[in-house]
Structures are given as C-alpha cells and as structure tokens.
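Colleague: I am new to reading models like this one. Could we go through it by question and answer?

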Amino acid sequence: MGQTDLSLVAHLLRRAGFGATRDELETYASQSYEERVEELLHPDHAQAMPDDLIRRYHVDMSELRQVDAAGAYWIYRMITSSAPLEEKMALFWHGLFATGYTKLNQARALLNQIDMFRRHGLGRFDTLLLELSKDPAMLLWLDNNDNHKTAINENYGRELLELFSMGIGHYTEQDIKECARAFTGWTLKNAEYMAVRASKDSIWPYGRINWHFEYRDWDHDDGEKTFLGESGHFNGEDIIAIIVKQEATARFVSQRLFQFFAADEIDAAGEAVVESMMQTYFESDYEIRAVLRTLFNSDYFKSEPSRYARVKGPIELLVGALRLAGSYRKPTLGANQLMLQSFFMGQGPLVPPTVEGWHEGMEWIDSGALVERINFIAKELSDISQPGVRDMIAWLDAKHNGVLTPEQLVNGCLSLLGALDVDDETHAALLDFASADGELNLQNHQPGDAAEQRVGNMLRMIAATREYQLA
Amino acid sequence: MSMQTTALNVSYVKTIGIVNNGYNGRGFANPYDTAISQDGRIYVLNRCDPARASAIRVGVCNLDEDYLFEFGNGYGEGDGQLRLPVAMAFDRQDRLYITDEENHRVAIYSAEGAYLSQWGARGSGEGEFNGPAGVAIDAEDHVYVVDQHNHRVQKYSRDGQFLLQWGDEGRGPGEFNLPWGVCVDADGHVYVADWRNDRIQKFSATGDFIAAFGESGDGDGQFRRPSGVAVDSEGFIYVADWGNERVQVLGPDGSFQLKLRGQATLSKWADEFFAANPDEWETRLQADLTPELPAHLDTPYHISAQTEPYFWGPVSVTVDRDNRLYVAETNRHRFQVYQRS
C-alpha cells in the first residue's frame, strides 16, 4: 500500500478509533481496507490496561466512588484498548443515551452502563434498548423507579421515544403514557434505600452500594395498552419490539451514526448513505455492526471530501493525543486529572450536561474550549520524555539517517501524527517555522537535547493546526 | 457465624470504621493496612483518594472503638510526608515504619506520631526502591521491605542499613511478579504475597526458598492477586486474597483450612450515624443487603460492590498477639476483626 492508502486507513482510524500511530498504520497497511473494517467491527479479544494494576495503584479507581476516578478509569481504557471501535461505540451511546453523575451520585453504576455499551453496542438495537431499559443508572436518571402501577411517571417513556429511538413527531402523547405503563415495575434493587442515598449523596456508613435491576411484578400494570397502533397486554419488551421496527427508528439510528462517524452535516450524498444504512438496519434485524459496515465501506465515507469533515470531540481529541504521546500507558499519579481536563474542554465523560447529551460539531469549539484543546494536546505531543514521542524521534532519525531538511521534519512529523494532511497554507507556515533553525541533526541525539526539542516544537505546532482539531 | 473446618475456628468479632469524607477526625479514608502497638492500639493507614490526599494520615483507635488520635505530615515528598503509602509495621521499640510506593522510601514515626527518620530513593540498587510495598519486622528488629517493581525483597537493620536482598522477576521459586505483602513468623521465616504470580512464598531469614503455596484461581487454596499475608502464633497463615475479595487461612504446611468472605455489621460509629439519620435507617431496614446479582455482575468484585457485609478490597491482614485477625478493606473504609480459637 502506498501513502494514499495510509491516508485512508488513517481516516478510518480517526473515525472508528482515536487515531493511530505511524507504526500502527504501517501494520494495518498489510490488510485490505475491508479487512481492517471487519477487525474493528469484531472486537472479540480486546486488550487494555489490566484492571488489577489500575486498582492496586489507584484506590479511587478501585472504589469508584467519585466521578473523576470513574472518568479517568474509562479514559485509561480508551487510551490502551486494542479494540478502539468498542470504546468509540461506548462513547457514541454514552452521548446518545446520556446519563450523568449529577443526580445519581453513583459513578460505578455509570461505568457498568458503559460496560453494557461494550457488550451490546455493536449488536442488535432491540437488545441494546432492552438492556438500557434495565440499566439501573438509566432507571434512576429518568425516574423509572417512580413509575408505578398506580401512578405512572412518563419521564423514561418519553425520552425512550424522543431521544433514544424515533425522535419527536412520530408518536403521540398517548403513546408516551402507554409506553410508561408498560415499563411500570422496572426498577432497581432496594430502590427506596438507594433513592434516599442518591438524593442525599450519602456514602455512609461504608461507601457506595452499587445497583442492579429488579422487576417488580406486583408493581407492573399488566392492563391492555395501545401503542403506535398496536394493542395488547404489553410489557417493556413488547414496546421495544414495536419501536425498533419503525422506519423512524431506522432513520434516527442511521442519522446519528452517520453524524458521529462520517460528517457533522448530512448533505445530499450523505442522505443516500443514510438510506443505505436504513436498509441494512432492517435486513440485518437491527444490527448496529451491519449498519456501520455499510457506512464505513461506502464510497462516500472513503472519499476525499469526507476527510476532516468532523470536529473532534474533546474526549476523542484527548485520547488520541495520549495514544500518540504514549503517556499514561501504565497507572500514573494524577490520572484523575484527565477527566477534569476533558471536562474543561467541554466534554467530561460521565457528566453530560443534560439527557440530550452534548451539542457536537462546531459547537465543540469556542474561544475558551479551543485554548484548552490546543494547550493540552500541544503539551502532550511536545513532551519528548513520553515513550510515544521518543518513538517518533527515533523514527525520524532512522528514516533520514539523522539529518533532516526542514521539509523532511515537517512531513515526517505530519506523518507521525497519523498521516495528517494539511492545506498548503498551513504547510507553508510549518515549513517557515522549521526553516528558521535550518537543517535538523539528530545524530547522537540525547534525551532532552536541543535537537529532540526541535521535534517536540514541531509536534506542538502541528497540534495547533486546524486539521489536527478535525477528524 | 463462623467458618470452621477441623480444629481451626475463626469467629467474627466486630467491625470498626466508617467512611471519612473529610480531612480529619473519626473514620477512615481508603485504609490500606493496620498495625497493632504493644499496648494494643490499632493503627490504620489511610491511603486516601486524590480528593483527600492533602490530609493523608494514620488514624489510631482501640478495640472498644474509641478514636484516639491521628497523625500525618501532609501530602508530598518532604520529610515524613506521604503520597502513596502502602504498609506499616512496628519494631520492638514501638517505632512505626511506613512504606510509600510513590516516594520510594520507608519512613519511621514514634507511636505518638512524631516523624523520626526515613531512608530510600528511587532506583534498583542496594538501599533503593521502585515502589516499596509490604514491610515486616522480625523479633530482632530486622526490617523486610518488598520492592514491588524490582521484584525483590530487601532486608535492613532497624536504622535502614542494607543487609541483603533476594528475588528477581519471574515465576520460578524465589522469583516474583509485583510482590506486595510480607510477614515474619515466630521462627523468623519470611512469607511474601507474590501478587501477580497468585501465590505465597516462604523463605528463610536469609532469603532461601522454602515453599510456595497456591496457584491462580478461585477454588480453595487458590488465589487471585493475594496482597497481604500474616502468620499467627501457631503458624497458621492468613492471606488477603484480594482479587477473590476474601481471606483464606492455610495451615503451617500451606494446606487450605478455611475461607472468610466477610460478615461486617454496623460499627459503633455507623450506629451513631443512623441514629442521626432516621430516614436512611428506615429505608435501610427494608433493603436486602446481600442480594442475588445478575450474571454479568457475577464476579467477586461486583458482588462485593453491592453486598455491604462482604469484604471489598481486603488489602491486608494483621494478626495480633492474642490471635485476633484484622482485615482492612480499602473500598469500605473499615476493618473487620476476627478471633482465632
């Protein structure tokens, strides 16, 4: 494969993962594009930083009482996972089924929900919705613990239809009520005690007690219901079976996947891809893996105009930079700050602003967030003590026998940051910067010396480019 | 309830502790080890999470659940300060030794909490550490320190003079994989919790390999990441089987005797909390605190996360002169006390 193919694989990995190192790209180049897609879609033997090492070092990530620890624990997983699409899907579903720490005060339950997204995030959509409806964090987040046979609470039923499946305009207020009736009795174990603890943020006497699902038959309304034109003694499973066969659901799911993985905006060409995805959705019995396969293998997705058509979300940006820099590959003091750093950029994992999740695309960027984004990634990528950056320096040294022209320095660093393509104006500016100090001599370079620092400075400059902010 | 086989009986006595969400006072913050002074006071090492790191400290109480005092010199690298403390042990003069895996040293305090001295720096040479973990002191005041990332045990005089070392990374006899806890029996034998090899190794006082007990697994006599080890006056071996969220007791020959899963009750401090918070108490009375869990949560860790009486993060075991067993639980901010008879 040539450089063009590396660019395509890099594009795929930016979207279906968190980017890739130069070594990873070269390894993947021995596969066909379609083979790489299939491997991403089948994360069967994912490896990540071992849980025991994390828990031994970080007591806060063993107990998982606090959200910064839980968020950092997930970031560790995203940084070190060998199956990036599995994590990317968890991030996608977390944004769509946004459940937050505020109100729950139960970080472990949120991570259990993320685990559920790993298990079911590429599988059938009906299974995923069923698991979501049994998820204790979701149940408390949207008050289904207060949805009783004798007094329904519509909150979960409403959001299931509006935010999680079909979207507004495809159901009536009566459908919401019937949906809520069907989910009466779906609650969490010890719901009353846990609700009191959650409302008071009580950790006493011995820390958090985690949650799991409980179905209370005696509190379930088994009466006849009419939902989306169908009637019966529906329970929650029946409602989900009706939801997933709606065309509105197919469109909703396909559009959201398209916008997360392909482009922030759906143009006419994109609409054709969405329709193909909808067709796959039905043909595959609602399988998300199949829908994504249709997207990733589409000519639209692979085309040049599709590249750099999305603004990286803060978590994508942060994780991608850490994977390249090689920092935090083992338990590290201060890792909980990573979650806060991501929060300052506008997206704290496990703390979405509302049940609607985050506003994405260009809304990720404002002047404050942009400064946070650039400062963080520039600091990480210019840290020449980090193992990933040291690998980059060694690669440049070996490839050019220790002596690089300014252009080789620029092009080498762009390549090392994931086969990054920049426009002519940006390239010229980088070249001006590199040329100021002339030729770079890396022969006999020593850790931290001026030659290495020049590489770090170039990486820092590239981190500040428009293209690096895009996926 | 007690768990019993043959002649060995280990009975539950009580639970001491409550989570401390603040920066001082009664309660514990991620306890990592206990040590018993000669007068029977119980010293609890609070590892503390990042939110409470500035108040990193040792809390002292007694078996009657009186919170006596606490001491610490703050979070950091200065004299007597701590960052990630792991373990404690008293010498015969009641001086308390505390290891710190981030500061790579051993610090010594008086029983009243005054900082006395410290030694160690990051490295792999003699007198250096890379993540010191367990510490034990024998009857002659020799100090054994488990050097986690160097996969070895170092032996020192009470004042930090290097004496000898043994171990290397590996799975063979006398080799280690990220070892953690250590103890010394009445005959001077040294036992090491060989954490990532899922076994306990027994050595002479000069580091000669004697035996290894256990293998990976969750069956009787098997371990998953054992973190702590203690030996009582008759040679019974208590193992904090951390990854299995339990304690196992082995005979002097390493044979399986019994296992404990934990049976915590409300401490005196917990009782007082509920007396002041009747709304929580009322709903708690209706709750099932030992529930059946769905299959995807059927692991010791997840079970312990929502079964309050069980051990959760049983990181260390300590046995006192009266053969009382103290099990510190990192994630439940308490320790459970058992009595061997």
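Modeller: Two residues are in contact if their C-beta atoms, placed from the backbone, lie within 7 Å. This is a predicted model, in which local features need pLDDT of at least 70 and side-chain atom pairs count only at pLDDT 80 or more, while totals for chains, interfaces and linings use all residues. Residues are numbered from 1 along each chain as its sequence is written, and chains are lettered from A and ligands numbered from 1 in the order in which they are written.

Colleague: Is Phe90(B) buried, exposed or partly exposed?

Modeller: A residue is buried if 20 or more other C-beta atoms lie within 10 Å of its own, exposed if 12 or fewer, and partly exposed in between, with C-beta atoms placed from the backbone. Phe90(B) has 16 C-beta neighbours inside 10 Å, so its class is partly exposed.

Colleague: Which residue does Phe90(B) touch that is 47 residues apart from it along the chain?

Modeller: Leaving out residues up to four places away in sequence, Phe90(B) touches Ala35(B), Ser37(B), Arg95(B), Leu96(B) and Ile137(B).

Colleague: Which element gives the most to the side of chain B that touches chain A?

Modeller: In total, 35 residues of chain B are in contact with 27 residues of chain A. Helices (H or I, at least four residues) and strands (E, at least two) are DSSP runs, numbered from the N terminus. At least two residues of this side come from each of α1 (268-276) and α2 (278-286) of chain B. The most, 5 residues, comes from α2(B).
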